[in-house]
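Visitor: I am new to protein structures. Could you walk me through this one, step by step?

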Number of protein chains: 6
Amino acid sequence: MKNEVFYGEGMKVVKEKYPDLYEVIVKLNDVAYTGKVLDYKTQKLIAIAIVAAKCDEIATKKQMISGIKELGITKEEIIDALKVVLLTSGMPAFTKAMRILNEIEKEL
Amino acid sequence: MKNEVFYGEGMKVVKEKYPDLYEVIVKLNDVAYTGKVLDYKTQKLIAIAIVAAKCDEIATKKQMISGIKELGITKEEIIDALKVVLLTSGMPAFTKAMRILNEIEKEL
Amino acid sequence: MKNEVFYGEGMKVVKEKYPDLYEVIVKLNDVAYTGKVLDYKTQKLIAIAIVAAKCDEIATKKQMISGIKELGITKEEIIDALKVVLLTSGMPAFTKAMRILNEIEKEL
Amino acid sequence: MKNEVFYGEGMKVVKEKYPDLYEVIVKLNDVAYTGKVLDYKTQKLIAIAIVAAKCDEIATKKQMISGIKELGITKEEIIDALKVVLLTSGMPAFTKAMRILNEIEKEL
Amino acid sequence: MKNEVFYGEGMKVVKEKYPDLYEVIVKLNDVAYTGKVLDYKTQKLIAIAIVAAKCDEIATKKQMISGIKELGITKEEIIDALKVVLLTSGMPAFTKAMRILNEIEKEL
Amino acid sequence: MKNEVFYGEGMKVVKEKYPDLYEVIVKLNDVAYTGKVLDYKTQKLIAIAIVAAKCDEIATKKQMISGIKELGITKEEIIDALKVVLLTSGMPAFTKAMRILNEIEKEL
């Protein structure tokens with residue numbers, strides 16, 4: 001699961017033409033998401049919150065879908081994380097993430 | 001604990017001169033940090049990660065100290081959260097947060 | 001007007017499932033937009049400028065539409081605000097906001 | 001006033017060694033801060049809010065001091081602007097700006 | 001080439017209604033992109049990297065297309081620049097820019 | 001040179017307690033800064049510009065010093081890079097970076 005590094009279209013080029021870079025990205029991903037004390041799910045919630053706080057629409061969607069599908073993260077857990085986004089990053093970041101979460105729910 | 005809203009010097013003015021605003025901030029803080037499913041500690045780790053991802057030195061320090069002192073969050077837990085910062089926000093955000101964490105450790 | 005808190009699809013869930021959170025958000029919105037000395041229109045121009053400075057396309061559009069429709073803010077006023085965005089945040093933020101403003105004009 | 005472009009130490013080099021660049025910066029500053037409909041004071045409040053929303057400590061301090069000293073902007077006006085920062089950008093940006101405003105007040 | 005300042009729809013209004021502003025923007029663009037020591041191509045790569053680091057989708061696409069078409073910047077050069085984006089700004093910024101680069105390649 | 005990964009105090013802990021993470025960071029740094037077509041110096045100028053565009057004071061200083069000392073990057077080259085920062089990210093980012101550059105010059 002953690003090893004699965006699917007970053008979409010753009011990463012195919014990296015895999016084919018820049019194998020060294022691809023390898024180190026996979027490794028970084030693997031090492032970062034292997035918490036010494038935190039489990040993967042908590043780290044994933046942190047990732048969702050960070051990209052939501054940055055108002056990054058595409059990354060937020062991708063991280064939420066991956067968290068829900070692969071790790072069984074619930075909508076309630078994501079909303080609790082997004083409440084911290086509201087506090088630390090304001091309304092636009094929060095409402096955008098809430099809308100994305102809703103759209104995902106309809107798609108899944 | 002959650003109710004304690006000490007945002008430093010600047011908030012004193014808000015409390016005295018803008019009691020309505022102060023009250024709603026306290027309430028927002030309280031509601032946001034009362035997770036439906038996530039515990040306060042997990043939400044605090046999320047807050048630490050978000051402000052670290054934004055390279056906000058002062059907020060990072062404040063959130064880390066509050067997390068360590070009030071909630072017993074460990075250095076290992078923070079580092080696992082910062083590994084997600086590294087992945088999502090790059091080296092400068094990560095190394096800055098690691099330095100702050102180290103400085104805090106010496107002070108505490 | 002100020003009380004109207006319509007943040008789109010995502011906020012419906014908040015209203016239904018997280019009434020405490022919804023209530024405090026409405027209150028915060030109300031308190032924040034009740035200036036002691038500045039009028040609502042000036043605060044709205046500030047909101048437009050902030051989200052434009054952050055290159056947040058959706059929030060910029062929403063704030064501009066709300067400002068124009070509800071408060072009668074003119075295109076000239078918005079452009080004067082965006083000139084400050086240009087100075088403080090650079091060309092990409094400015095040109096993006098100018099394009100959004102133009103698109104809105106055609107729609108309205 | 002608007003023509004005065006004093007951006008501190010760094011700009012001295014620009015003035016001496018890059019006169020073309022310096023000239024266009026002065027001109028840009030002048031044109032941007034000559035609103036068609038908004039007055040300079042409103043534009044300055046917008047500038048203060050934008051740099052505060054970005055958590056830029058030094059720029060926030062500089063803009064506040066310039067606004068207070070040169071244009072007679074009051075603490076109340078700045079706080080009304082910062083309330084929009086709170087809504088759009090979250091607590092850390094707001095509390096940081098409130099602290100800076102307080103520090104300035106003591107210095108002036 | 002450097003003089004060509006085509007910032008899309010939004011800038012037409014500026015050109016027609018705010019000729020002073022338009023003129024200073026053209027001049028700023030010209031002066032900024034006339035390096036004392038760096039060539040235009042290197043500056044363009046820097047521009048691509050900056051907007052990619054900020055996750056600004058539209059600006060990234062615009063800068064990449066302009067760099068490839070007008071200056072003959074190669075995909076390999078852009079990827080080398082994006083590797084710095086990966087280091088300094090994390091995976092979401094990098095993968096987004098890589099995807100945009102791929103989409104552009106298919107369009108051109 | 002490229003292999004030298006000295007990120008200050010914070011990284012010591014990573015090296016000692018998180019050797020896996022340290023190793024992958026060193027490797028990432030090495031791979032990213034080994035351009036297929038761009039030389040290290042150009043990549044370093046890109047790194048300087050990115051962190052300056054983000055108004056990250058400490059990272060900007062660190063990258064500038066490293067670029068000047070290790071790679072012989074000149075003040076003129078950095079200023080040409082910062083002119084792109086001015087265009088894409090506005091005055092506060094530019095003037096801050098110019099001030100840092102001046103301070104470094106006096107220290108070296």
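**Chains, helices and contacts**

Guide: Start where two chains meet: in this predicted model, chain F and chain E bury about 2600 Å² between them, and carbon and sulfur atoms give 77% of that area.

Visitor: Which three residues supply 22% of the area that chain F buries against chain E?

Guide: The contact takes in 31 residues of chain F and 30 residues of chain E. Three residues of chain F supply more of its buried area than any other three. They are F:Ile50, F:Asp80 and F:Leu87.

Visitor: How many salt bridges are counted between chain F and chain E?

Guide: A salt bridge needs a side-chain nitrogen of Lys or Arg within 4 Å of a carboxyl oxygen of Asp or Glu. Between chain F and chain E, the count is zero.

Visitor: What area do chain B and chain E bury between them?

Guide: Seven residues of chain B touch seven residues of chain E. No salt bridges are counted here: the number is zero. Carbon and sulfur atoms hold 59% of the buried area, and the total is about 400 Å².

Visitor: Which residue forms a salt bridge with B:Asp56?

Guide: Side chains of opposite charge can pair when their charged atoms come close. B:Asp56 sits in the loop between α3 (40-53) and α4 (57-71) of chain B, and its partner lies in helix α6 (residues 91-107) of chain D. The closest N and O atoms of the pair are 2.9 Å apart, and the partner is D:Lys96.

Visitor: How many salt bridges are there over all chains?

Guide: That pair crosses between chains, from chain B to chain D. By the rule of 4 Å, the count over all chains is 42.

Visitor: What is the secondary structure of chain A?

Guide: The C-alpha trace of chain A spans about 40 × 30 × 25 Å along its principal axes. From the N terminus on, its elements run α-α-α-α-α-α. The tally is six helices and zero strands.

Visitor: Are α2(A) and α2(F) roughly parallel or roughly antiparallel?

Guide: Helix α2 (residues 19-32) of chain A packs on helix α2 (residues 19-32) of chain F, with axes 9 Å apart and an angle of about 155 degrees. Angles over 145 degrees count as roughly antiparallel. Therefore the two helices are roughly antiparallel.

Visitor: How do the residues of that contact between α2(A) and α2(F) divide by class?

Guide: Chain A brings A:Leu21, A:Val24 and A:Lys27, among others, and chain F brings residues including F:Asp20, F:Leu28 and F:Val31. The crossing is left-handed. The contact divides into eight nonpolar, no polar and four charged residues.

Visitor: Within chain F, is α3(F) roughly parallel or roughly antiparallel to α4(F)?

Guide: The axes of helix α3 (residues 40-53) of chain F and α4(F) come within 8 Å and cross at roughly 160 degrees. Their crossing is left-handed. With the limit at 145 degrees, α3(F) and α4(F) are therefore roughly antiparallel.

Visitor: Is the crossing of α4(F) and α6(F) left-handed or right-handed?

Guide: Helix α4 (residues 57-71) and helix α6 (residues 91-107) of chain F have axes that come within 10 Å and cross at roughly 50 degrees. That angle makes α4(F) oblique to α6(F). The residues in contact include F:Met64 and F:Ile68 of α4(F) and F:Ile100 and F:Leu101 of α6(F). The crossing is right-handed.

Notes:
Residues are numbered from 1 along each chain as its sequence is written. Chains are lettered from A and ligands numbered from 1 in the order in which they are written. This is a predicted model: local features need pLDDT of at least 70, side-chain atom pairs count only at pLDDT 80 or more; totals for chains, interfaces and linings use all residues. Side-chain values use heavy atoms; hydrogens and water are left out. Axes are lines fitted to C-alpha atoms, for helices over the stretch in contact, and angles run from 0 to 180 degrees between N-to-C directions. Helices (H or I, at least four residues) and strands (E, at least two) are DSSP runs, numbered from the N terminus. Angles under 35 degrees count as roughly parallel, over 145 as roughly antiparallel, 65 to 115 as roughly perpendicular and the rest as oblique. A crossing is left-handed if the near helix is turned anticlockwise from the far one by less than a right angle, and right-handed if clockwise. Contact means heavy atoms within 4.5 Å. Buried area is the accessible area (1.4 Å probe) that two parts lose on being put together, summed over both. Ala, Val, Leu, Ile, Met, Phe, Trp, Tyr, Cys and Pro count as nonpolar, Asp, Glu, Lys and Arg as charged, and the others, Gly among them, as polar.
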